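Here is a friendly walk through one model, with the sequence and the coordinates side by side. Have a look at both before reading on.

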Amino acid sequence: SGGVGKTTLAQHVYSDPRIEGKFVIKAWVCVSDDFDVLTTVRAILEAVIDSTDNSRGLEMVHRRLKENLIGKRYLLVLDDVWNEKRELWEAVLTPLTYGARGSRILVTTRTTKVASTVRSNKELHLEQLEQDHCWKVFAKHAFQDDNPRLNVELKEIGIKIVEKCKGLPLALG
């Protein structure tokens, strides 16, 4: 579901200093729910080469992407994927197979079907937070710390706000 922090977690992985130097290429692509193979592959190519691509047709875009990835270890984040059609994903993933061993594709999605469609090796399901964790996150942001001597009225208001956030970390922050 939305608001559990999938994109935020992916951003932390993407910018983690511990992965610097492990990938020759890092690219981030937001995949719209209006999924189109050519548009998606072109967006990946443009993120990889860090410039606009005017190639005509899927075959040319595939070739350029393959040329830019061949033998290089890359990290590609495909953020907010909705498409569940395997044949469309096959057309997107084909040029990505030419990267060096150790290349990784990180996909964020709201549906488990997408994970099986893109043949995910590992899945991490983010859940909503339990009520006591929600309060700790909220209090940290709202009051700088969870002060036990917090004004009773403020704490009551805070608890009502936490309940409305329904365990979603991004709503609490």
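Which side chain meets that of Asp 53 in a salt bridge of 2.3 Å, N to O? The partner is Arg 64. A salt bridge here is a side-chain nitrogen of Lys or Arg within 4 Å of a carboxyl oxygen of Asp or Glu. Asp 53 lies in the loop between α2 and α3 and Arg 64 in helix α3, so the pair ties together parts that are eleven residues apart in sequence.

A word on the ground rules: this is a predicted model, in which local features need pLDDT of at least 70 and side-chain atom pairs count only at pLDDT 80 or more, while totals for chains, interfaces and linings use all residues. Residues are numbered from 1 along each chain as its sequence is written, and side-chain values use heavy atoms, with hydrogens and water left out. Helices (H or I, at least four residues) and strands (E, at least two) are DSSP runs, numbered from the N terminus.

Searching the whole structure gives four salt bridges. Among them are these:

| Asp 53 | Arg 64 | 2.3 Å |

For the pair of Asp 53 and Arg 42, the loop between α2 and α3 holds the Asp and helix α2 holds the Arg, so parts eleven residues apart in sequence are tied together.

Asp 53 is buried, with a relative accessible area of 3%, whereas Arg 64 is partly exposed at 30%.

**Ser 55 in the loop**

Ser 55 sits in the loop between α2 (37–49) and α3 (58–69), and its 8% relative accessibility makes it buried. Its side chain has a polar contact of 2.9 Å with that of Asp 53. Such a contact is a pair of N or O atoms within 3.5 Å; within protein, one must be able to donate a hydrogen and the other to accept it, and residues adjacent in sequence count only if both atoms are side-chain atoms. Leaving aside residues up to four places away in sequence, Ser 55 touches Arg 42, Met 60, Val 61 and Arg 64, where contact means heavy atoms within 4.5 Å.

**Val 24 and the sheet**

Val 24 belongs to the loop between α1 (6–15) and β1 (25–30) and is exposed, at 63% relative accessibility. Val 24 and Arg 73 are 49 residues apart in sequence, yet their C-alpha atoms are 5.5 Å apart in space.

Three strands form an open, parallel sheet in the order β1-β2-β3. Two strands pair if DSSP finds at least two bridges between them. Both β1 and β3 (104–109) stand at the edges with a single partner strand each, so one side of each is left without a neighbour in the sheet. β1 runs parallel to β2 (residues 74–81), joined by six bridges. Cys 30 stands opposite Asp 79 in β2.

Definitions and conventions: Buried < 20%, exposed > 50% of the residue type's maximum accessible area, 1.4 Å probe, protein only.
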